[in-house]
Amino acid sequence: MDVPGFALITGAGSGMGRECAKTFARDGAAGVALLDINAAALEATKAEVEPLSMRKDFKILTHILDVSDEVQVNHVVQDTAQQFGRLDYVVNCAGIGHKHIGGAAFAETQDWQRVLDINLNGTFFVLRAATRIMLKQSPIKSTIDGRDLQRGSIVNFASVAGLTGIPMSTAYCASKHAVIGLTRTASEDYARQGIKINAVCPGYMRTPFTMGNPEIAKSLEERINFMTPLGRLGEPGEVADAVVYLSGGRSSYVVGSAMIVDGGYTER
Ligand SMILES: NC(=O)c1ccc[n+]([C@@H]2O[C@H](COP(=O)([O-])OP(=O)(O)OC[C@H]3O[C@@H](n4cnc5c(N)ncnc54)[C@H](O)[C@@H]3O)[C@@H](O)[C@H]2O)c1
C-alpha cells in the first residue's frame with residue numbers, strides 16, 4: 001500500500017483502530033503510535049501489532065489519551081512526532097455511539113455533548129495538532145515509483161451515519177455528518193500544501209462497538225441480511241485496507257473524499 005512512514009492512530013485499542021495498526025505494520029510502515037483511553041486495550045493491541053512488521057527498525061509507541069481533551073491531544077501528538085522524527089499518517093478512529101430512546105425529543109444534553117466531544121471535537125483536536133506538524137515537514141517519496149507523496153495524510157472515521165439518518169442516533173448521526181464536513185473543508189485548506197485529508201464511512205462492522213451488547217448484536221445479525229446487498233457484517237480488516245489505501249501513495253489523487261465501505265448498505 002506504499003506506507004513507508006510513521007502512523008498515529010486514535011482508538012487503536014479495539015475494533016477498526018486495532019486493525020488499522022496491524023495493517024500499517026504488515027504493509028511496511030516505519031512505526032505506529034497507538035492512542036486510546038483504555039490502557040489495557042492498548043497493551044493488547046501492541047502485542048498483536050509488534051510481530052507483524054518485517055522491519056528491524058519498526059517503532060511502536062503507546063499513549064493513553066482522551067481525544068476530547070485538547071491539552072492532552074496537543075501534548076501527545078507533538079510528543080509522537082518528536083519521537084518518530086515526523087508524522088506521516090494520522091487515523092482518527094476513536095469514537096462512541098449512543099442510542100437516544102424516543103429520538104431527538106428525549107435526547108439528554110449530556111449524551112449529545114459526550115458524543116460530540118469525542119466523535120467531532122476529538123477528531124478536530126487531533127487533525128489540528130497533526131496538520132500543524134505536517135505543514136512544517138518535507139514530503140516523502142513513494143517507495144513504488146518515486147513520485148512525491150504528501151507531507152502527510154489524515155483519515156477521519158465518519159460512518160454511513162454521516163450520509164444517512166439512523167433511528168434514535170441524533171448525536172451520533174450529527175457527529176458523523178460533521179466529521180465529513182470537517183474533512184472536506186480541511187482538505188480544501190491544505191491540499192496544495194501536500195496534506196491529503198479524507199474520510200472513511202464504514203457500514204455495519206463486526207467490532208465490540210456493534211457486538212458489545214449481546215441483544216443488539218443478535219438482532220443486528222438477524223437484520224443484516226436485509227440491510228446490505230452482501231448480506232453480512234463487515235470485518236474490521238476490510239475498513240483498515242481502505243484506511244491504509246487513503247493514507248498511502250496509491251491514493252495520491254484522492255482528496256476530501258468520504259469513502260464508503262458498507263457492503264452496499266447506502267446503495268439501497
Ligand atoms: N463498528 C461499526 O459498525 C462502525 C460503523 C461506522 C463507523 N464506526 C466508527 O468507527 C470508529 C471505530 O469503531 P469500532 O467499531 O472500531 O469501535 P470500538 O468500540 O471497537 O473501538 C473504539 C475505540 O475508541 C476508544 N475510545 C473511545 N472513547 C475514546 C476517547 N475519548 N479517547 C480515546 N479513545 C477513545 C475505545 O476505548 C475503543 O478502543 C468509531 O469512530 C465509530 O464511530 C463504527
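Here is a short exchange on helix packing and ligand contacts in a predicted model.

Biologist: What should I know about numbering, confidence and atoms?
Modeller: Residues are numbered from 1 along each chain as its sequence is written, and side-chain values use heavy atoms, without hydrogens and water. In this predicted model local features need pLDDT of at least 70, totals for chains, interfaces and linings use all residues, and side-chain atom pairs count only at pLDDT 80 or more.

Biologist: Is helix 1 oblique or roughly parallel to helix 8?
Modeller: Helix 1 (residues 15–26) and helix 8 (residues 236–247) pack at about 55°, with axes 8 Å apart. Helices here are DSSP runs (H or I, at least four residues), numbered from the N terminus. Axes are lines fitted to C-alpha atoms over the stretch in contact, and angles run from 0 to 180 degrees between N-to-C directions. Angles under 35 degrees count as roughly parallel, over 145 as roughly antiparallel, 65 to 115 as roughly perpendicular and the rest as oblique, so helix 1 is to helix 8 oblique.

Biologist: Which residues of helix 1 make the contact with helix 8?
Modeller: Contact means heavy atoms within 4.5 Å. Helix 8 contributes Pro236, Gly237, Val239, Ala240, Asp241, Val243, Val244 and Ser247. From helix 1 come Gly15, Met16, Glu19, Cys20, Thr23 and Phe24.

Biologist: Is helix 4 roughly parallel or oblique to helix 5?
Modeller: Helix 4 (residues 109–134) and helix 5 (residues 170–190) have axes 8 Å apart. Their packing angle is about 15°. That is why helix 4 is, relative to helix 5, roughly parallel.

Biologist: At what angle do the axes of helix 1 and helix 2 cross?
Modeller: Helix 2 covers residues 39–49. The axes of helix 1 and helix 2 come within 9 Å. They cross at roughly 25°.

Biologist: Which residue has a side-chain N or O atom 2.6 Å from an oxygen atom of the ligand?
Modeller: A polar contact is a pair of N or O atoms within 3.5 Å. Gly203 has a polar backbone atom 3.3 Å from a ligand oxygen atom. A backbone N or O atom of Ile37 lies 3.4 Å from a ligand nitrogen atom. The side chain at 2.6 Å belongs to Asp36.

Key
Helices (H or I, at least four residues) and strands (E, at least two) are DSSP runs, numbered from the N terminus. A polar contact is a pair of N or O atoms within 3.5 Å; within protein, one must be able to donate a hydrogen and the other to accept it, and residues adjacent in sequence count only if both atoms are side-chain atoms.
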